[in-house]
Structures are given as C-alpha cells and as structure tokens.
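Please look through the sequence and structure before reading the points.

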Amino acid sequence: MMVSLRRDMARVLDGLSLVAKEGISRCNTVPLETAIKAAVLSVSDVVGLTKGKLRQIDNDVHRHTVTGSVIFFKDHVPASNSHPPPTPGADATVLLNIGSSMDPDSQTSVDVYPPPDAFSTSNATIVDGAVIPETSVDVCLQSATPSTSNTTAVNGVITPLKQRRLRERKVPSTPFSRAMGFAGLGAGLAWGTLQESTKRVLFGTPNSENNQHALSPYLSERNSERLALALCRMRGAALKLGQMLSIQDESLVPAPILAALDIVRQGADRMPRNQLNQVLDAELGSNWSSNLTSFDYEPMAAASIGQVHRAVTKEGLEVAIKIQYPGVADSIESDIDNVKLLLTYTNLLPEKMYLDNAMKVAKEELSRECDYELEATNQKRFRSLLTNTKGFYVPFVVDNISSKRVLSTELVPGIPIDKVALLSQETRNYVGKKLLELTLMELFVFRFMQTDPNWSNFLYDEAEKSINLIDFGAARDYPKHFVDDYIRMVLACANNDREAVIEMSRRLGFLTGTESDIMLEAHVQAGFVVGLPFSKRGGYDFGSTNITQSISNLGATMLRHRLTPPPEEAYSLHRKLSGAFLACIKLRAVVPCREILLQVSENYQFAQEASAKILSTTSI
C-alpha cells in the first residue's frame with residue numbers, strides 16, 4: 001500500500017510540475033511581483049477560497065434607468081410592468097442554452113420560476129405518474145452524484161436535490177492566470193489523493209467489485225467535486241472538454257468522474273458586470289447600447305464559452321445576445337494541454353480512449369465554436385437550407401450587433417426537448433419524428449450538420465408545431481466519400497448484414513482489418529443494436545428500448561480490444577446521432593424510423609453511379 005501511495009503521489013507531483021512549468025513559460029514578460037499576486041489570486045479563486053461576489057446594480061442614472069437586472073437606455077423608461085420575467089408554462093416561454101450537454105435531465109437554461117403556489121407542470125418532472133416541481137435555477141452544483149432528475153425519492157418521499165447558486169466570478173483571461181488555475185486544481189487533486197490514500201492505509205480500501213473508485217485514490221468523491229467546481233470557475237475550453245466527456249458512460253469513464261461532469265453540465269459561473277461591459281465595448285464599440293432600448297444583465301444561460309442575455313433593439317425586436325468570455329479563444333490550446341497533463345499524470349481515463357486524438361479533435365471543434373462570425377455564417381446557411389422545410393425554423397442573425405466574439409440573433413419561443421416529454425403522446429411522436437428526420441437530412445442530404453445535441457438547442461413551439469433551432473457553433477461539413485460509405489453502413493446495420501458492416505467499418509476507419517474475433521463481434525453487435533430502430537417498418541417504440549444499456553456493455557468490450565481510434569468525423573457525428581436517439585428515448589416517442597431512412601436512401605446520390613448499388617439492400 002505504501003509503495004502504491006508513493007508511486008501515485010510521484011505521478012501527481014510530476015503532473016503538477018509540468019503544469020507549473022507551462023505557466024512559467026507563458027509569463028516570462030510578467031514582473032515577478034505581478035506574477036506572484038496573479039498566481040495567488042488565480043489559485044485561491046479556482047480552489048474556492050474566494051467566493052466570487054454577489055451582483056451589484058449599476059445606478060448610473062445619466063446613462064440608463066434600472067429595473068431589476070434590466071437596463072433601459074437613455075430616454076426609454078419602462079412602465080412598472082414592462083418586460084416581466086418569462087413565466088414557465090406560458091406559450092412564449094424562452095429557453096436558450098449554449099452548453100454542450102446531452103444529459104437527459106440537465107437544464108442550463110435560466111428561467112425565473114414562480115412561487116410554489118404558482119407551480120406549473122411545465123417546470124416539473126413526472127416520476128411514476130407523480131408531478132414533481134423542479135427547484136431553483138442558477139445551478140452549477142447539484143450534488144456529487146449523477147441524477148436522472150432534479151429531485152430524489154427516498155421511501156416514497158420526494159426531496160429536492162441540494163443546489164449551489166452561481167456567483168459572479170471574473171473569468172481568468174490570461175494564459176498565466178489560467179495556467180496557475182490548473183496548477184491550483186492539480187494541487188487540490190494531489191491533496192485529496194493524499195487524504196484518501198491515508199484514509200485507506202488506516203481503515204482499508206473500500207470493497208466494490210469492478211469499481212474503479214475503490215481501486216484508485218484519485219477518484220474520491222471530494223476530488224470529483226474539486227474537479228467540477230474548478231471547471232465551473234475556469235470556464236472556457238476546460239469546461240467545454242468536460243461537457244464533451246460527460247456524454248460517456250461508466251464503462252468508458254469512471255463513475256466519480258462522471259459525477260463531476262454531471263455537475264459541470266449544469267453551467268458555469270457568470271462574468272461580473274464590469275468584465276461583461278469590457279467585452280461589449282471591445283467588440284461592438286463603447287456606444288454599443290445605442291442600438292438597444294434595453295439589456296438584461298441577468299444571463300439567460302451561462303455555459304463554457306460564453307453567456308446569453310436578452311435585449312430589445314431600437315426597432316423593438318427582442319434578441320438573444322451571446323457574449324464570449326474574454327481570453328477563451330486564445331487559451332484553447334493551453335487549456336486542453338493542461339487538462340491532458342492532469343488526466344495523463346493522474347491516470348483518470350483509460351488508455352484506449354486515445355486521448356491524443358480526442359484532444360486534437362476537441363481543439364479543432366472549440367476553435368470553430370469560438371468564432372462567432374463563423375457561427376453566424378452557419379446559422380444563415382441553415383436558415384437557407386430549411387426555409388421551405390415544414391416543422392423547423394432558424395432565427396435570423398442581427399448583423400449590426402454581432403462580431404467575432406458577440407452574436408445577436410432573433411429571440412425565439414419554445415420549450416426544450418426534455419419539457420416536451422410532459423406533453424401528449426401525439427406531440428411526442430411528432431417531435432421525435434421531426435428530430436430524426438432533421439438528423440438524417442443534415443447528414444445524408446445537406447452533408448452539413450449542427451453537431452451539438454444539447455436539448456435546449458431544439459425549442460418546440462407548440463402553437464406553430466415547429467422546432468426552433470439555435471446555436472450553430474458546432475456545425476460542420478462532412479466529405480462526400482465519408483457520407484457515401486456511412487449510409488451504406490447504416491443500411492447494413494439496419495439489415496443485420498455482418499459482412500457489409502465489417503467492410504464499411506474498415507473503409508471508414510473504425511476497424512484496421514486485424515482485430516480479434518472478440519472485437520469484431522462486439523463491433524458488429526453494436527452496429528446491429530444501433531440499427532434496430534431501422535430494421536422493421538412501422539413505429540419503433542423508443543420508450544421500451546434498452547439500446548443505451550446494450551451499447552454500454554458492448555462499449556466496454558470494444559474499449560479493451562480496439563486497435564485504432566475512430567475516424568475524426570465520428571466524434572461529432574456520433575455525438576449528434578446518439579443525441580437524437582436519447583431525445584427520442586426521453587420523449588418515449590414512437591417513430592417510423594425505417595420509413596424515414598428509406599425515404600432518404602432512395603433519393604441519395606452517390607459520387608459515382610457505378611457505386612450506387614448499396615451493399616446488402618436488396619430487401620430494402
């Protein structure tokens with residue numbers, strides 16, 4: 001035990017030293033006194049010794065009038081009841097989110113909830129037929145354990161989970177302050193590991209079969225909480241990476257880390273008002289408010305890369321303004337490198353997750369997501385592609401109050417997908433069908449896909465029977481040759497054609513051709529499981545499926561035996577595809593999946609007519 005403890009601590013200290021060297025290498029031009037002061041402030045902030053500050057309202061009456069968190073500029077003074085907070089359950093409820101969660105019950109959207117006597121089922125979770133109200137918003141930390149809702153039941157009694165209100169906390173915006181923040185996180189993890197190891201020496205190791213937490217002192221609940229809170233405070237690429245990893249399951253990522261990532265999904269701390277104004281001044285000019293009649297400093301959502309605010313333009317248009325955290329775009333590479341150091345030297349993730357490949361893809365994706373001019377272009381492109389498609393609406397971009405780090409768009413109504421689960425079966429079936437149609441259309445018709453499956457990016461407007469689509473930072477193109485082979489593989493999976501699944505998987509890069517029989521069998525069976533909804537005509541009942549559990553079991557086998565990482569395109573594509581499946585499962589929707597696939601495949605045009613014959617589709 002003592003030998004293992006020394007080895008573990010040596011690895012942690014090696015990691016900390018590398019992170020520290022990274023910080024030092026990036027601050028050679030900073031005076032020593034300034035560097036020491038910045039280091040102390042950064043480390044104390046990230047490890048939680050400083051608590052952030054509560055919001056203070058700016059009362060500069062010469063420039064604006066203040067009503068709550070809403071600023072009315074110049075002569076635009078509101079009536080006493082103007083611009084009330086949105087009421088959950090109303091048709092015009094607006095829920096916007098810029099996170100990247102696929103968790104069925106995470107909600108980073110920010111609403112103002114009514115008192116208990118005004119409780120509506122639109123803000124509730126249904127468990128075994130009982131309607132359970134959700135509790136306070138502004139959540140970063142709910143609990144140290146994953147949950148399937150915002151409540152827990154003990155002996156039949158429904159109890160709200162503990163929640164931590166977000167604080168205004170300045171975003172570490174320089175490479176040095178961010179590097180020192182990671183060093184502080186590493187030091188906290190090292191201290192937590194030492195505490196856990198000492199406890200195990202004195203009281204023994206917990207007994208739990210196949211539980212990595214019982215084997216590794218790194219994976220204590222306290223360390224998981226340290227990791228989550230530090231990422232919420234750091235924000236940027238570190239938090240985004242945590243949200244990306246959070247879609248994994250316990251067969252790939254240890255349960256305590258998933259618990260931390262479950263917390264991370266809930267959202268980030270918020271920028272203080274002065275830092276927010278600095279970003280707006282830098283991006284839109286010091287007179288940015290001249291384009292607006294009001295601006296709400298209370299964010300509608302605070303996520304990894306930025307936060308969203310409601311505003312009203314001079315023309316009376318309600319808009320959502322997404323504002324990027326300062327320094328986030330410039331720190332992507334260093335953030336991810338520092339996260340990689342901590343993960344590598346603390347051995348928190350399994351070897352065959354091919355961390356280098358995942359990090360490379362993450363850097364590329366995050367660089368695109370931080371470019372709001374690119375996102376505006378993506379949104380306009382999607383708006384054009386879907387203009388004549390019934391059941392979908394893409395809000396327009398407001399160019400004169402947008403830039404590379406600020407994006408303003410039309411504010412649209414709707415409820416996120418998890419709230420649609422409270423509506424009628426007919427509505428749930430309709431929304432599930434439209435989501436699956438959209439996913440297949442994006443990949444096989446447009447070859448251009450919005451790859452962030454966050455359920456709050458799909459807002460259902462019941463009055464219009466339309467899904468309002470938002471957040472296009474993660475949109476990307478897919479090459480024609482990849483899509484050609486991928487539709488062949490999907491059809492092979494739907495038809496249970498083993499040889500075609502293996503052949504297409506080799507052509508796409510999922511297999512090398514030298515895998516063991518165990519790996520091949522697990523890979524093929526995983527394909528058949530995913531293809532099950534498309535295997536028969538008629539409605540497939542996602543409410544009675546065990547697809548996720550089956551994939552988890554097979555995934556554990558593939559993780560041990562695979563010889564190559566998945567192709568680069570698969571990271572974002574499978575995130576979106578699994579998100580569509582999880583949405584249908586959450587909705588308990590009955591969807592004619594095979595008919596939707598057939599409609600797409602029958603009209604699909606291959607790159608070469610000679611190759612237009614789809615493998616193993618004679619029965620299709």
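The model is predicted, with local features requiring pLDDT of at least 70 and side-chain atom pairs counting only at pLDDT 80 or more, while totals for chains, interfaces and linings use all residues. Residues are numbered from 1 along each chain as its sequence is written, and side-chain values use heavy atoms, without hydrogens and water.

**Helix α15**

- Helix α15 spans residues 498-508; helices here are DSSP runs of H or I with at least four residues, numbered from the N terminus.
- Its buried residues are Ala500, Val501, Ile502, Met504, Ser505 and Leu508, where buried means under 20% relative accessible area with a 1.4 Å probe, protein chains only.
- Helices α14 (480-494) and α16 (517-531) are among the elements that cover these buried residues.
- At the start of α15, a side-chain oxygen of Asp497 comes within 3.4 Å of the backbone nitrogen of Glu499.
- After α15 comes Gly509, with a positive phi near 105 degrees.

**Leu366**

- Leu366 belongs to helix α10 (residues 355-369).
- Leu366 has a relative accessible area of 1% and is therefore buried.
- The C-alpha atoms of Leu366 and Ala329 are 8.1 Å apart, although the two residues are 37 residues apart along the chain.

- Phe203 lies in helix α3 (residues 175-203).
- Phe203 counts as exposed (over 50%) because its relative accessibility is 68%.

Conventions: Helices (H or I, at least four residues) and strands (E, at least two) are DSSP runs, numbered from the N terminus. Contact means heavy atoms within 4.5 Å. A polar contact is a pair of N or O atoms within 3.5 Å; within protein, one must be able to donate a hydrogen and the other to accept it, and residues adjacent in sequence count only if both atoms are side-chain atoms.
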